[in-house]
Amino acid sequence: MDFFLDIELSKLLNPEFYINNGGLWLLLFVVFAETGLFFGFFLPGDSLLFIAGIYSEKLISSLIEGGVGSEIGNLLLLIILISLCGIAGNMVGYWFGKQGEGFFLKIEDGFFYKKKYLIQTQQFYEQYGAQAIVIARFLPTIRTFAPIIAGLVKMDIRRFITYNILGSLLWVTSMTMAGHYLYVLFMKQFDINIKEHLEFIILGLFVVTSIPFIWKWIKNK
C-alpha cells in the first residue's frame, strides 16, 4: 500500500521509480497500460524499456531465483514477457476503439485524456496506414492511441494482430537490448557505470523520440 501513497508526478515520469518500487510486475503493467489504455499516454515507455535492459538480471531474478542462468537468457525472457504485455495492451486498445465509436471524441479533456492526441494519432494513421501500428511503437503518446484508432476504423483484426506482434517485438527488443548492451559496453570499454547517469540517458531518449513531433511542428509553421 505504501507504493500508492504520496506519489508525485515527477516520480511517475521517472522510469527508475517503477523498477525500484514495483519491479517486474509493475514494469509489465506500465507497458500494458502505456500501449493501449488511453489514460496511460503519460507513462514512460522508451526510457523504461531501456532501463529494464540494464536491470534485466535483477528483474528476472525476482521471478526466478537466480535468473535463468545466463545473461542472454535473462534478457530474452524479459523481452518475451514485455512483448506479450505490449501485444496485450494494443489488443485492449483495439477493443476499446471498436466498441467506442464516437465515445472518445465526446469525452471532455482532462489530465488523463486529451482529445488532440486522438486527432493527431488519427492523422498519423491516415498517413501511414497499417504500418502506423509498427511505427507508432516508437512514438510517445501516439503508441497509446494508435490501436484505439485502428479499432475505430475497424481495421481487419488479422492484419492488426500481425502488425501488433511485429511492432511490439521490434520496439521491446531494440530498446531493452540497447540498454543492456550499452551498459555492458560502457562498463568494459570506458569503466563508466551509466546507471549513475540515467537522468542524461532519459533526457536523450526524450529528445530523440520527440524529434518527429518537433519536425512536424516546424513544417506546419
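Residues 24 or more positions apart account for 74% of the contacts in the chain with a separation of 6 or more, a contact being heavy atoms within 4.5 Å. The model is a predicted one, in which local features need pLDDT of at least 70 and side-chain atom pairs count only at pLDDT 80 or more, while totals for chains, interfaces and linings use all residues. Residues are numbered from 1 along each chain as its sequence is written, and side-chain values use heavy atoms, with hydrogens and water left out.

**Overall make-up**

The secondary structure comes to 12 helices and 0 strands. Helices (H or I, at least four residues) and strands (E, at least two) are DSSP runs, numbered from the N terminus. Of the 221 residues in the chain, 44% are buried. Buried stands for under 20% relative accessible area, exposed for over 50%, and partly exposed for what lies in between (1.4 Å probe, protein chains only).

**Helix α6 and its partners**

Helix α6 covers residues 71-99. Axes are lines fitted to C-alpha atoms, for helices over the stretch in contact, and angles run from 0 to 180 degrees between N-to-C directions.

| Helix pair | Axes | Angle |
|---|---|---|
| α3 and α6 | 7 Å apart | about 35 degrees |
| α6 and α10 | within 6 Å | roughly 45 degrees |
| α6 and α11 | within 8 Å | roughly 145 degrees |

The crossing of α6 and α11 is right-handed. A crossing is right-handed if the near helix is turned clockwise from the far one by less than a right angle, and left-handed if anticlockwise. The residues of the contact of α6 with α11 divide into 17 nonpolar, 8 polar and 1 charged. In this division Ala, Val, Leu, Ile, Met, Phe, Trp, Tyr, Cys and Pro count as nonpolar, Asp, Glu, Lys and Arg as charged, and the others, Gly among them, as polar.

Helix α3 (residues 23-34) also passes α6 in a right-handed crossing. On the α3 side the contact is made by L24, L27, L28, V31 and F32, and on the α6 side by L78, L81, I82, C85, G86, A88, G89 and V92. By class, this contact of α3 with α6 has 11 nonpolar, 2 polar and no charged residues.

One of the α6 residues in that contact is L81. L81 counts as partly exposed because its relative accessibility is 22%. Leaving out residues up to four places away in sequence, L81 touches L24, L28, I60 and L63. L81 and I60 are 21 residues apart in sequence, and their C-alpha atoms are 9.9 Å apart in space.

Helix α10 comprises residues 142-152. α6 and α10 are oblique to each other; angles under 35 degrees count as roughly parallel, over 145 as roughly antiparallel, 65 to 115 as roughly perpendicular and the rest as oblique. α6 passes α10 in a right-handed crossing. From α6, the residues N90, G93, Y94, G97 and K98 meet R143, P147, I148, A150, G151 and L152 of α10. The residues of this contact of α6 with α10 divide into 5 nonpolar, 4 polar and 2 charged.

α10 is mostly covered, with 10 of its 11 residues buried. The buried residues of α10 include R143, T144, F145 and P147. K154, which follows α10, has a positive phi, near 55 degrees.

Helix α4 (residues 46-54) is mostly covered as well, with 9 of its 9 residues buried. Among them are D46, S47, L49 and G53.

N164 is placed in helix α11 (residues 157-190) and is buried, with a relative accessible area of 0%. The side chain of N164 makes a polar contact with the side chain of N90 at 3.2 Å. A polar contact is a pair of N or O atoms within 3.5 Å; within protein, one must be able to donate a hydrogen and the other to accept it, and residues adjacent in sequence count only if both atoms are side-chain atoms. Apart from its neighbours within four places in sequence, N164 is in contact with G86, I87, N90, M91, I133 and R137.

T176 also lies in α11 and is buried, with a relative accessible area of 0%. A polar atom of the T176 side chain lies 2.6 Å from the backbone oxygen of V172. Not counting residues up to four places away in sequence, T176 touches L49, G53, L75, I79 and I82. L49 and G53 are among the buried residues of α4.
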